[in-house]
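I opened my notebook for a friendly look through this model. Here is what I looked up, entry by entry.

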2 protein chains.
Amino acid sequence: MSIGDGGDRLARVALTWLTEPGNRVVWQLVQAQGAEDTLKQIVDGDVPDASLRTAVVARAGLGDPRRVAEVALRRGERLGARVVTPSDDEWPARVESLATLELDIPGRFNRDVRPPLCLWVRGGRPLGEALDRSVAIVGARAATPYGVHVTEDLAFGIAEQDWTIVSGGAFGIDAAAHRAALSAGGSTIAVLACGVDRPYPMGNAALFERIADCGLLMSEWLPGADPLRHRFLIRNRVIAAAAVGTVVVEAAARSGAMQTMSRTVALNRHAMIVPGPVTSAMSVGCHELLRRYPQTRVVTTVAHVLDEIGKIGEYIAEPARVAGHTRDDLDEESALILEAMPQRGTLGPEQLAARAGLALRTVLQRLSLLETLGLLTRRNDGVALLPAARQGAERTAMPPPSPLSAPANGEVVKANPEGQPSPAD
Amino acid sequence: MSIGDGGDRLARVALTWLTEPGNRVVWQLVQAQGAEDTLKQIVDGDVPDASLRTAVVARAGLGDPRRVAEVALRRGERLGARVVTPSDDEWPARVESLATLELDIPGRFNRDVRPPLCLWVRGGRPLGEALDRSVAIVGARAATPYGVHVTEDLAFGIAEQDWTIVSGGAFGIDAAAHRAALSAGGSTIAVLACGVDRPYPMGNAALFERIADCGLLMSEWLPGADPLRHRFLIRNRVIAAAAVGTVVVEAAARSGAMQTMSRTVALNRHAMIVPGPVTSAMSVGCHELLRRYPQTRVVTTVAHVLDEIGKIGEYIAEPARVAGHTRDDLDEESALILEAMPQRGTLGPEQLAARAGLALRTVLQRLSLLETLGLLTRRNDGVALLPAARQGAERTAMPPPSPLSAPANGEVVKANPEGQPSPAD
């Protein structure tokens, strides 16, 4: 660690303490001029934002930010916690996507969405590596036995496939996800809204110690920081951004898990929902998310989750295969449309319908989907394949007919009207 | 009933017996030259389709089609069943949408999708009027107590709002839907895959009598016809087409209810799914439908169903309001985009993003949705409002911020780091 780097690290810790994480103005200043100059500017009272200024003035009365940061770093060293910053190899690149997150809602929760300045970590594994293949599983504190059971099944199965589980530190779904991942001998990360030395809730203290031993505890806040109410909502953006995708298992209406999922959707991450009984208050939020966001996907098994997140995982590893995977998931009509497209050049929708043997209406319906998936594009002179679909076409055979398209009953029409009733409805 | 009309009616009954309902070739001939000439042509052996010819030859050996139809009509008269044809005022117009249904799957279930030639009806209310405001509720025979409970809640509440319930005649979800509608003093229609005089399954015999008294029994098949296995799958298209929308409550994998829903989707009808525990085999089909068809909507309450089907109902009653309703359901970004659009002329996506105060990426994502909803169109020189959106803009105020956008916790940042933990996750 160079002196300059140490200065940057210290300044990031000090800025986090002085301004709370995620602040747009602070993050922008740090991007423009670095953490040390930003800290100096703010400590000197030059804060270009009224509400931030109020917060900074109140904080500054509690101590010198650099001194607070030094104490925190020493405290962290004593308890085996390190500070990770963007200059470290283990910095998780995915959280940088918060740089462009726009929630389009007024007020503070849109203001506090920028990437972390630094992350406190307890545990042996490099943070970035652990998050590289990771799935967040979040949900209600007051989970039902159903929710806990499904969470355990999913987290165990996903962890077994060498994917890291990410969650908060709450009772209920969070704790169930961590426990199941640990049972599977897998990796799990608890993203806390307080210091990594603060076992909150206390009832999960032993669990946090096991996570620190076998996985990672992670937080934006300084050791000793309290789990204030608003911090959980600010923390949620990091869960959504750090993981490849997020699964919500049970969520009450207007819950934190719903908020995490809204950020997942805004970040264009894989947004997965486990449905539940419509009679359960703990599934109301899940169903509401499915109704609200067409981008969310129902998942009910480990295979569904792996299928969903696998697209990105394999995209990183082997870009050429992503299209093939997307194609495998297409409905039959969309697959027929892709098959009918010429590898180069364009085709009008009517010609396309004729070549695919589909109704024009069906073709027009599917074009939006295929465009959204990045497989086709609409140009002035017609529809054209995009490179992803071309690679896919070279690699992927026609998907097999879907189960829906091939009813179990394939018998031919019986000419004789007499027969044994064996209805299929 | 004129003689000519009587001849048409008789020919339609005879053709249904001779060729089974839904046959493409037969329906096309009837459209082109009428039922009587088509019957004559087929009886004379001029059948322009090999598999149909085989079926007709086998049937014709069982009796003279006209004579069979005469006997059926007399039998129907005795048991209070009437034949309804397209020339009757009570013919349900919506089933004619089957004229263009294309399933894009090979084989017989794509062949047998055309509109009914005639419908047998038992019960006092005019069929078309009863189906005008109707919702199909279908699902598993082997329903769980959960599925029966939810079905009862939905069917009772929907029937109370003066919507007719439509379902099959099976045990489980079908029977629960009818019973609840009758309990509510509402209207219900059982669409059978056998003669309206054949109580199948026998255990529902008393229920069918109550339905005939207070609602309608309806079938394409002649009195006395057996509930053959393939008939249930052919029948399902009529349920999907006759109702404004279809709700699937519980469905096993590859079940008849899933097949009904695939037709609902293909017909662009409101396709609604009630989720359930992912641990229940009886909800597997529901979740699979949600995963397979982006057009399907999660519904968990009577209000959700009424909201969904109400759009069409109000469209018929008051076309100008449909856009307003669509707009109310839009996510906030999409609403902002619509607000930002000029009433006339076009705007490029970049200008639109600037005017809406949104990221370009967000705008591009939302354009497909808005286009699908028929609110915007993409032209060579940019994006333009469609008339539906213009009417909506004149009638609809900005939707209120969604619950998700306004977290319960609206407190300002506390400058003091000490506070009572009351986390929100």
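I began with the sheet in chain B: an open one of nine strands, ordered 1-2-6-5-4-3-7-8-9, with mixed pairing. I count two strands as paired if DSSP finds at least two bridges between them; strands (E, at least two residues) and helices (H or I, at least four) are DSSP runs numbered from the N terminus. At the edges I found strand 1 (81-84) and strand 9 (297-298) of chain B, each pairing on one side only.

A note on ground rules: this is a predicted model, where local features need pLDDT of at least 70 and side-chain atom pairs count only at pLDDT 80 or more, while totals for chains, interfaces and linings use all residues. Residues are numbered from 1 along each chain as its sequence is written, chains are lettered from A and ligands numbered from 1 in the order in which they are written, and side-chain values use heavy atoms, leaving out hydrogens and water.

Next I checked strand 3 (134-138) and strand 7 (245-248) of chain B, which pair in the parallel sense over four bridges. There, B:I137 has B:V247 in strand 7 of chain B as its bridge partner.

Then I turned to chain A and A:L52, in helix 4 (50-60) of that chain. Is A:L52 buried or exposed? A:L52 is buried, at a relative accessible area of 3% (buried is under 20%, exposed over 50%, partly exposed in between; 1.4 Å probe, protein chains only). Leaving aside residues up to four places away in sequence, A:L52 touches A:T19, A:N23, A:V25, A:V26 and A:V47 (contact is heavy atoms within 4.5 Å).
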